[in-house]
Amino acid sequence: MTPPSSTSPGPTGPKAGRQWAPRTASLCESCYTKGLMTQVKHFAFNHQEINRAGTATFFNEQAGRENELRCYQYTFENNLTQSTMTAFNRVGVEYAGACEGLLIGVLRDEWGFEGSVVTDMVNGAMYMNWRDSFACGLSGTLGTNAYEATSLGASTSDANQALTATADSMESLWVGQAVGTLTEEQEAELSPLTYLEENQAELEGMHIYIRHGSFDITIPNLQSQRLADTAADLLGASQVDYQLMSTYQHADNRFYTEKNMQALESWLNDLW
């Protein structure tokens, strides 16, 4: 589950750090008590959702610490979430997914966050340099084939896999070796569908809750539908709660309305 701490226009905008801080921390902590892992996003200074790619957010340190960073600080300092996703925008002139001062200086060194850090979709914009992201200690990048035609190359190409073979990513920790050295068979094991199939007995008590927007043009809803169908076949239909949310878009704020949060809370309470 991904609780939003993004700063965008409106009541959750750049001046809302104090409002989001307790809500984010409480939601993450409550989810953990129910066995649910969380990933807070988008870190950080994500001032807008529309045309957000390439946006350069300028501010001074006082403004950043008193406002936007407030909504993350308590959660990350106390390691109440297991992961965070970086933002599309630039922090000043640096890509948020490769900003050393933010991701190492503040997040790791100052706040002591121990969870994984991944980028949002790396869509081929030249300022989104995934090599810089790995240099900042990220656990992974959400890559596309958009880099194939560029001189940098896709992070999934053979040459670049070799460069990042020693990266301490979530996947490498999962399978016990560097991702760049995996065989095709081992790569297949990283698929959630394959994982469900091969670990059906151990996952007998797992319950899955999925909500996907019908207007999401970033991630096809068929991916979520396929995951839900496979899980229902393997674990039982009663253990999978899937709903396609009509007219919801990617990262739509309506996912986090009080009504939807109460529905999730009710689902979790029924399990325990």
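Start with the contacts across the whole chain. Of the contacts in the protein with a separation of 6 or more, 65% join residues 24 or more positions apart. Keep in mind that this is a predicted model.

**The whole protein**

Colour by secondary structure. Next, show the surface. The protein exposes about 14,400 Å². Carbon and sulfur atoms supply 51% of that area. Of the 272 residues, 43% are buried.

**The largest core**

Select Phe43, Tyr72, Phe76, Leu102 and Trp111. These residues have the most contacts inside the largest nonpolar core, which has 24 residues. Now colour helix H1 (17-33), strand S1 (39-43), H3 and H4. Each supplies at least two residues of this core. Which of them gives the largest share? H4 does, with four residues. In soluble globular proteins, nonpolar side chains tend to be buried together.

Stay on Phe43 and show what surrounds it. Leu69, Tyr72, Phe76, Thr84, Met85, Thr86 and Ala87 are among them. Ala96, Leu102, Leu103, Leu107 and Trp111 are also on the list.

**Leu107, in helix H4**

Select Leu107. It sits in helix H4, residues 100-110. Is Leu107 buried or exposed? Leu107 has a relative accessible area of 0%, so it counts as buried. Beyond its neighbours within four places in sequence, Leu107 is in contact with Phe43, Phe76, Thr84, Leu102, Gly112, Phe113 and Val117. Now draw a distance from Leu107 to Gln73, C-alpha to C-alpha. The two are 34 residues apart in sequence and 8.4 Å apart in space.

**Thr84, in strand S3**

Move to Thr84, one of the contacts of Leu107. Thr84 belongs to strand S3, residues 83-86. Its relative accessibility is 0%, so Thr84 is buried too. What does the side chain of Thr84 reach? It reaches the backbone oxygen of Val40, at 2.7 Å. Setting aside residues up to four places away in sequence, Thr84 also touches Gln39, Phe43, Phe76, Leu107 and Phe113, among others. Ser116, Val117 and Val118 are on that list as well.

**Helix H3, end on**

Select H3, residues 70-77, and pick out Cys71, Tyr72, Thr75 and Phe76. These are the buried residues of the helix. Turn the view to look down the axis of H3. Its buried residues fall within an arc of 95°, so they line one face of the helix. An α-helix has 3.6 residues a turn, so residues three or four places apart point the same way. Step past the end of H3 to Asn79. Its phi is positive, near 50°.

Then try Cys99. At 5% relative accessibility, Cys99 is buried as well. How many disulfides are in the whole structure? A search finds zero.

**A loop further along**

Go to Phe215. It lies in the loop between strand S8 (208-213) and helix H10 (221-235). Which residues does Phe215 contact, beyond its neighbours within four places in sequence? They are Thr247, Tyr248 and Gln249. Finish with one more distance, from Phe215 to Gln249. These residues are 34 apart along the chain, yet their C-alpha atoms are separated by 4.7 Å.

Definitions and conventions
Residues numbered from 1 in each chain as written. Predicted model: local features only at pLDDT ≥ 70, side-chain atom pairs only at ≥ 80, totals over all residues. Heavy atoms only, no water. Buried < 20%, exposed > 50% of the residue type's maximum accessible area, 1.4 Å probe, protein only. Contact = heavy atoms within 4.5 Å. Areas by Shrake-Rupley, 256 points an atom, 1.4 Å probe, with all protein chains shown as cover. Arc of directions from axis to C-beta. Polar contact = N/O pair within 3.5 Å; in protein donor to acceptor, adjacent residues only side chain to side chain. Core = buried A, V, L, I, M, F, W, Y, C linked by side-chain atoms within 4.5 Å. Disulfide = S-S within 2.5 Å.
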